[in-house]
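Here is a set of questions and answers for someone meeting this structure for the first time. Each answer sets a value against a definition.

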Amino acid sequence: MMQVKNGLRFVGFGHYVPPRIVTNDDLSKIVDTNDEWITTRTGIKRRHFMEDEDTNLDLALNAAKMAIEDAGIDPQEIGAVVLATVRPDNMTPSVACMVQKALGLSEYTPSLDINAACSGFMYGLSVAAGFLMQSEKRYALVIGSETLSRVLDMTDRSTCILFGDGAGAAVIELSEKHRYFSVLGSRGNDDYLVIPNNSDKRYVRMSGGDVFKFAVSTVPRTVEELIAVSGNTAEDIDWFVCHQANKRIIELVAKRVGQSLDRFYMNLEDYGNTSSASIPIALSEMNQKGLLKEGMKLIAVGFGGGLTWGGAYIEL
Ligand code: UT7
């Protein structure tokens with residue numbers, strides 16, 4: 001369990017998905033699947049896929065600009081750029097470095113990509129808080145940006161129907177008034193969820209059932225740990241924001257935590273699983289819809305390849 005000693009405040013949110021929508025029916029023309037199977041087993045109806053000429057940087061930059069505008073801050077006050085992704089444009093330069101340049105940030109802005117798979121954004125918040133503790137600048141930009149369509153095997157119906165492209169971002173600052181606790185974990189496993197880097201077929205391979213079991217045990221436990229350490233009861237939490245992988249996972253988490261599904265935000269119907277982008281996209285959408293209010297308490301939890309998991313108790 002980790003606590004950001006000075007607390008942490010979310011100052012602004014942003015998100016971006018590429019315009020092209022791919023429906024379940026579209027996929028059923030490519031692989032042996034159908035809308036009914038995908039909807040009942042996952043809750044997903046459609047996802048966004050980028051065009052060939054689009055880059056991870058394009059997605060990240062759009063989300064970052066929206067977050068900065070929402071925060072209403074001077075970008076020169078940004079003291080770090082942390083970008084979570086499993087599929088950067090290049091191994092180096094990092095997407096984060098290119099975001100730093102494109103936004104015209106000072107050269108003294110530490111910028112790096114991190115990979116904690118679908119937990120990446122939650123890891124990124126803690127990494128960014130660490131930078132801010134050493135920075136003269138007030139804000140950090142944390143982004144989850146994923147180009148998963150580039151690593152999908154479009155002949156594998158068990159994976160290609162699940163994922164989508166997109167990016168989400170948040171501007172954060174350290175704040176004594178806003179307590180922040182996080183639980184970040186890792187359990188080395190190279191069987192359940194792998195995107196290889198050293199073969200011709202650099203596609204997502206996943207043992208869906210095993211990841212499902214991992215998720216429905218780890219996420220409720222993490223939620224309970226965060227409720228306990230923050231001195232709250234489950235009823236005190238206004239919103240639970242889980243990684244958007246599968247509706248059935250979120251339903252089971254709600255059941256195990258003993259709380260109504262109404263307080264578990266869901267948008268996977270429209271985006272599919274966008275890995276590290278799913279939680280910041282959800283937060284930004286909630287913010288746009290006016291669902292986030294000052295004084296609210298949130299718990300957000302991601303899980304995925306690694307295996308990794310990452311949760312946080314957030315005060316708005
Ligand atoms: O962000 C990373 C985290 N990843 C996840 O959270 C994924 C977690 N896992 C899941 O969401 C689910 O396990 C899946 C949605 C991936 C799969 O659902 P499932 O209920 O576990 O199905 P299954 O893999 O056990 O497959 C059941 C059947 C199989 O047929 P048989 O062997 O029973 O005849 C599959 O071949 O469904 C078949 N199937 C499909 N049928 C139509 C698998 N994919 C499809 C498909 N369309 N797309």
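This is a predicted model: local features need pLDDT of at least 70, side-chain atom pairs count only at pLDDT 80 or more; totals for chains, interfaces and linings use all residues.

Residues are numbered from 1 along each chain as its sequence is written, and side-chain values use heavy atoms, with hydrogens and water left out.

Q: Which residues come nearest to the ligand?
A: T33, R41, C118, N246 and N273 do, out of 23 residues around the ligand. A residue is near a molecule if one of its heavy atoms lies within 4 Å of it.

Q: How much of the ligand does the protein bury?
A: The protein buries 70% of the 950 Å² that the ligand exposes when taken alone. Such areas come from the Shrake-Rupley method with a 1.4 Å probe.

Q: Which element gives the most to the shell around the ligand?
A: It is α7, with 4 residues. Helices (H or I, at least four residues) and strands (E, at least two) are DSSP runs, numbered from the N terminus.

Q: Why is E173 called buried?
A: Buried means under 20% relative accessible area, exposed over 50%, and partly exposed in between (1.4 Å probe, protein chains only). E173 has 7% relative accessibility, so it counts as buried. This residue is in strand β8 (residues 166-174). Its side chain makes a polar contact of 2.6 Å with the side chain of R138.

Q: Why does N189 count as buried?
A: Its relative accessibility is 19%, and therefore it falls in the buried class. N189 sits in the loop between β9 and β10 (193-194). The side chain of N189 reaches the backbone nitrogen of D191 at 2.8 Å, and a polar atom of that side chain lies 2.8 Å from the backbone nitrogen of Y192.

Q: Why is V99 called buried?
A: V99 has a relative accessible area of 0%, so it is buried. This residue lies in helix α4 (residues 95-102). Leaving out residues up to four places away in sequence, V99 touches L57, A60, L61, V81, L83, L141 and I143; contact means heavy atoms within 4.5 Å.

Q: What makes a set of residues a nonpolar core?
A: Such a core is a set of buried Ala, Val, Leu, Ile, Met, Phe, Trp, Tyr and Cys residues joined through side-chain atoms within 4.5 Å. The largest one here has 46 residues, and those with the most contacts inside it include V219, F264 and F303. To this core α7 gives the most, with 9 residues. Another core lies apart from it and has 32 residues, among them V142, Y180, M296 and A300.

Notes: A polar contact is a pair of N or O atoms within 3.5 Å; within protein, one must be able to donate a hydrogen and the other to accept it, and residues adjacent in sequence count only if both atoms are side-chain atoms.
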